[in-house]
Amino acid sequence: MVNIVVAVKHVSGSADETVFEDDLTIDRTGSDGHLSELDEYAVEQALVLKDHLGDGATVTALTVGPAGASDALAKALQMGADDAVHVCDDAIAGSDALGTAVVLAAAIGRLQHDVVVFGIASTDGWMGVIPSMVSELLELPVLSRASEVTVAGQTVRVRRDDDTESRVLEADMPLLVSVTDQSGEPRYPSFKGIMAAKKKPVLTWSLPDLGVDDALVGAQGSCVAVMEVTTRPPRGKGVLVTDESGSGAAELVDFLSTHKFV
Amino acid sequence: MAEVLVLIDHAEGRITKPAAEALTLARRLGAPGAVVFGAQASVVDDVQSYGAERLYLVGVPSGESPSPADRARTLASLVSEREPALVLIPTASDGNEVGARLAVLVRSGIVTDAVDLVSEDGVPVAVKSVLAGGFTTTARVTRGTPIVTVKPNSVTPDKASGACTSTDIALVTGHTRDVTLVSRERRAVSERPDLTEAAVVVAGGRGTGGDFAAVERLADALGGAVGASRAAVDAGWYPHACQVGQTGKVVSPQLYIANGISGAIQHRAGMQTSKLIVAVNKDVEAPIFDLADFGVVGDLHTVLPATIDGIAARGSA
């Protein structure tokens, strides 16, 4: 039977409300965090794959993060994941992308992982490198940036849309897939799903559970140092005109002309 | 002087503009060594004109562009041989995938999506715009060979003179089990400038009602590219390749004209570093006006045609 692992991230509030700590990491203790929106697409595709595979296929939601990150797992379980794993260890805080990928790869390696599904990027860090890093660490083939996912037997097929071409690509299990927000709208949890989620098993693993050397993770293990964070200065107040029988266009042409675009 | 390896994208025998930008940035940190996959020796003139002192021509047996995994492996072997001060990779298409794999292979730190790169006492420091453009960070790699991916338009390409030595090297391949290409379909190439590289972007949103004709004509009148909001793309009015925003393209043109776009954060994240922003919207309360240097409260279906006529009149005056 096939098990699908979907990796999800808990992110704090919206970008408007993000706060940096004194050590220039993002404050992740805020209570209004949620499952990263782009990871909802990953959960959706994991569930669609499960439905297509039938025959007892299961979905395991996996996250790495502090205690509050379990909210992201709860959402994935409400949407329909069967069980969840929360890798939670104080030593992980401040990890860079590589450290995070090492932890994720170790956790995925401990789970049955026929298909591993990721979103394209988190909505806070926005690097989009984790799927490639985990693929490299686990030596799994990767179908990245998929805008359409289908499965037949042991073979997963995707469509990837780039600027100059669209490609259909496929690979056999075990493999890793990252999906875009074009892959299909995520479902809303049903009332039944929300109630059922409360009874689904959630395992918590620490770094020793995974056998990960903590020299590779956390701020100590990070290969990147953020030196300075500055708030983008607000844009100056602009000119606002109201169009009245063509006046708006005339003033716009004047503006474009003043700035030498016309 | 230390060497800086630069991954060079090319098309039709010429290097791309982001590649020229990356070579320009590389010169701030050391002597550029251009790494080119599957190109003719003719690119030597291009890379030399942007200051590359070495050119590594990687033979590609199939003629297909190698996978990110194979490009990363080839770069990793060059990193161990040449011990560069830095590896610079343009983000275009799959640069971040190559960089991510390279970081694993050489156990080094990576900074993605830099908008600038400077030398602080010889140490590369990358500048990033983060959290929907609300913050700017500077970061440096503290372990291994620094890997930095750079966004288009980070610097104006600047020519340099000098000699360039060309070396042929072999592609290093990895995973035995890889992905299979089933089919591919080329997209029609637009006559307009590339969205991420254009000096002028004219974009349309929900307010167009699906009719992009005026948006396109204004773009053409200004020599610009056409963009679309997520709402317009989700409605099927314009291709996803033209989407401006967090999950589409992040653009930073000299002039951005938003038409019938309310300005949700996911859109603002894709355009708020534009030099000048113009907005046309019927709704005076639209958040896009908070960003606009010049805003017109009005119906784009009348304002845009009149603007196009006005531009034509100036042009012939």
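This is a predicted model: local features need pLDDT of at least 70, side-chain atom pairs count only at pLDDT 80 or more; totals for chains, interfaces and linings use all residues.
Residues are numbered from 1 along each chain as its sequence is written, chains are lettered from A in the order in which they are written, and side-chain values use heavy atoms, with hydrogens and water left out.

Let's start where the chains meet. Counting contact as heavy atoms within 4.5 Å, chain A puts in 77 residues and chain B 86 residues. Together the two chains bury about 7000 Å², with 57% of that on carbon and sulfur atoms; buried area here is the accessible area (1.4 Å probe) that two parts lose on being put together, summed over both. On the chain A side, Glu136(A), Arg232(A) and Arg235(A) supply 11% of the area buried against chain B, more than any other three residues.

Ten salt bridges run between chain A and chain B, each a side-chain nitrogen of Lys or Arg within 4 Å of a carboxyl oxygen of Asp or Glu. One of them pairs Arg187(B) with Asp161(A), at 3.4 Å from N to O. Which helix gives the largest share of the side of chain A that touches chain B? Helix 8 (residues 247-258) of chain A does, with nine residues. Helices (H or I, at least four residues) and strands (E, at least two) are DSSP runs, numbered from the N terminus.

Two loops in chain A deserve a look at the backbone. Between strand 9 (165-172) and strand 10 (175-179) sits Pro174(A), joined to Met173(A) by a cis peptide bond with omega about -5°. Trp126(A), in the loop between strand 6 (115-119) and helix 4 (130-138), has a positive phi of about 60° although it is not a glycine.

Last stop, chain B: Leu7(B), Asp9(B), Arg71(B) and Ile89(B) are among the residues that line the largest cavity. A cavity is a set of points on a 1 Å grid over the protein atoms alone where a 1.4 Å probe fits but cannot get out, and lining residues have an atom within 4 Å of a point.

Key:
On a 1 Å grid over the protein atoms alone, a cavity is a set of points where a 1.4 Å probe fits but cannot get out, and a pocket is an open set with protein on both sides within 12 Å along at least five of seven lines; lining residues have an atom within 4 Å of a point.
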